[in-house]
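Work through the exercises below with the sequence and the coordinates open. Try each task before reading its solution.

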Amino acid sequence: MSSDTLAKAATAPPPRDPADLPVEPRIVPRRRVGQWTAAAAVLVLLALAADSVVRNEAFQWGVVADYFTSASVLRGLGLTLWLTAVVMVLGFALGTLLALGRLSANPVLRAVSWGYIWFFRSMPILVQLLFWFNIGALYPQVFGVRTVDLLGPVTIAVIGLTLHEAAYAAEVVRGGLLSVDRGQTEAAQSLGLGRWRRLRRIVLPQAMRSIVPPAGNMLIGTLKGTSIVSVIAVQDLLYSVQLVYHRTYQVIPLLMVATLWYVVVTSALSVGQYYVERYYARGSERAR
């Protein structure tokens with residue numbers, strides 16, 4: 001062993017006792033007594049509410065089970081789904097045209113589109129349906145055909161709901177188009193793409209990220225809003241259960257049948273909306 005090594009060994013400090021080493025502070029998680037207490041209270045209240053609903057004989061769950069898949073209720077459900085699909089397709093088709101009119105450089109198109117949206121957003125949907133239902137008082141004949149024969153309850157429901165839906169869809173589509181950076185349009189224009197091709201291939205796919213969430217809410221709202229057509233004797237889901245409980249006087253269980261069907265369909269639409277949003281959010285942080 002060299003002299004340098006011996007010198008270093010002689011001058012090195014003695015090993016320290018582990019007990020003399022400083023103890024690192026222990027991190028103790030914060031006690032969230034209030035949050036856990038509130039969560040427990042909410043769970044208890046939910047359990048009590050669920051127990052009261054299940055045990056309450058006034059709901060007549062046996063009657064609910066008997067009528068849940070009855071032929072009349074399923075026919076009403078089918079008409080409700082059909083109305084929702086038709087109104088959404090026609091409403092967004094007309095709403096897209098109105099949105100393009102709002103964004104047009106033509107002042108006439110802008111004014112007409114703005115006036116349409118203002119008018120139909122100002123009129124309650126029930127008032128509009130009742131107005132169309134009594135349109136024969138203003139125009140007894142159209143093209144030589146009696147109005148009452150030309151416009152049945154289902155046709156009136158489609159017209160009224162579509163005109164109402166288009167006004168809101170126009171603003172949804174317009175907001176989505178405005179959310180696309182103008183540089184995207186300018187880049188497509190520099191490549192020589194025509195106006196409609198730019199709209200279809202560049203602007204709309206990006207605008208769908210902003211259009212889909214409110215459009216999904218409108219779809220669910222339209223599904224529930226179709227129940228209002230029962231006032232003009234359209235045999236949708238609500239009107240179908242009303243026909244039954246007017247005959248059997250079992251109001252609560254039949255209303256529960258309609259409620260459960262609305263919950264089932266709304267839940268399915270919410271799941272579909274989630275996947276559609278993920279599809280159009282590909283490549284963005286919202287897709288995660």
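The exercises go from the whole chain to single residues, and the model is a predicted one.

**Exercise 1. Overall make-up**

Task: State how many helices and strands the protein chain has, and in what order they run.

Solution. Start with the count: the protein chain has twelve helices and two strands. Next, read the order from the N terminus: α-α-α-α-α-α-β-β-α-α-α-α-α-α. Then turn to burial. Of the 288 residues, 32% count as buried. The chain exposes about 18900 Å², and carbon and sulfur atoms supply 64% of that area. Last, take the contacts between residues at least 6 apart in sequence: 76% of them join residues at least 24 apart.

**Exercise 2. The largest nonpolar core**

Task: Find which residues have the most contacts inside the largest nonpolar core, and which elements give two or more residues to this core.

Solution. The largest nonpolar core has 19 residues. Leu237, Val241, Leu254 and Val257 have the most contacts inside it. The largest share, seven residues, comes from α12. Finish with Leu237. Neighbours within four places in sequence left aside, Leu237 touches Val73, Gly76, Leu77, Thr80, Ala258, Trp261 and Tyr262.

**Exercise 3. Helix α12**

Task: Compare the span of α12 with the expected span, and list the buried residues of α12.

Solution. Count first: α12 has 30 residues. From first C-alpha to last, α12 reaches 43 Å. At 1.5 Å a residue, 44 Å is expected, so the two values are close. Then list burial. The buried residues in α12 are Pro253, Leu254, Met256, Val257, Ala258, Trp261, Tyr262, Val265, Thr266 and Gln273.

**Exercise 4. Aromatic pairs**

Task: Classify the ring pairs Tyr274 with Tyr275 and Tyr279 with Tyr280.

Solution. A pair of aromatic rings is described by the distance of the centres and the angle of the planes. The structure holds nine aromatic pairs. For Tyr274 and Tyr275, the centres lie 5.2 Å apart and the planes stand at 75°, so this pair is edge-to-face. Tyr274 is partly exposed at 45% relative accessible area, while Tyr275 is exposed at 52%. For Tyr279 and Tyr280, the centres are 5.1 Å apart and the planes are at 85°. The cut-off for edge-to-face is over 60 degrees, so this pair is edge-to-face too. Tyr279 is partly exposed at 48%, and Tyr280 is partly exposed at 28%. Ring pairs also link Trp114, Tyr116, Trp118, Phe119 and Phe120 into a cluster.

Technical notes:
Residues are numbered from 1 along each chain as its sequence is written. This is a predicted model: local features need pLDDT of at least 70, side-chain atom pairs count only at pLDDT 80 or more; totals for chains, interfaces and linings use all residues. Side-chain values use heavy atoms; hydrogens and water are left out. Helices (H or I, at least four residues) and strands (E, at least two) are DSSP runs, numbered from the N terminus. Buried means under 20% relative accessible area, exposed over 50%, partly exposed in between (1.4 Å probe, protein chains only). Contact means heavy atoms within 4.5 Å. Accessible areas come from the Shrake-Rupley method with a 1.4 Å probe; for residues, only the protein chains shown count as cover. A nonpolar core is a set of buried Ala, Val, Leu, Ile, Met, Phe, Trp, Tyr and Cys residues joined through side-chain atoms within 4.5 Å. Rings of Phe, Tyr and Trp (its six-membered ring) pair if their centres lie within 6.5 Å; planes under 30 degrees apart count as stacked, over 60 as edge-to-face and the rest as tilted.
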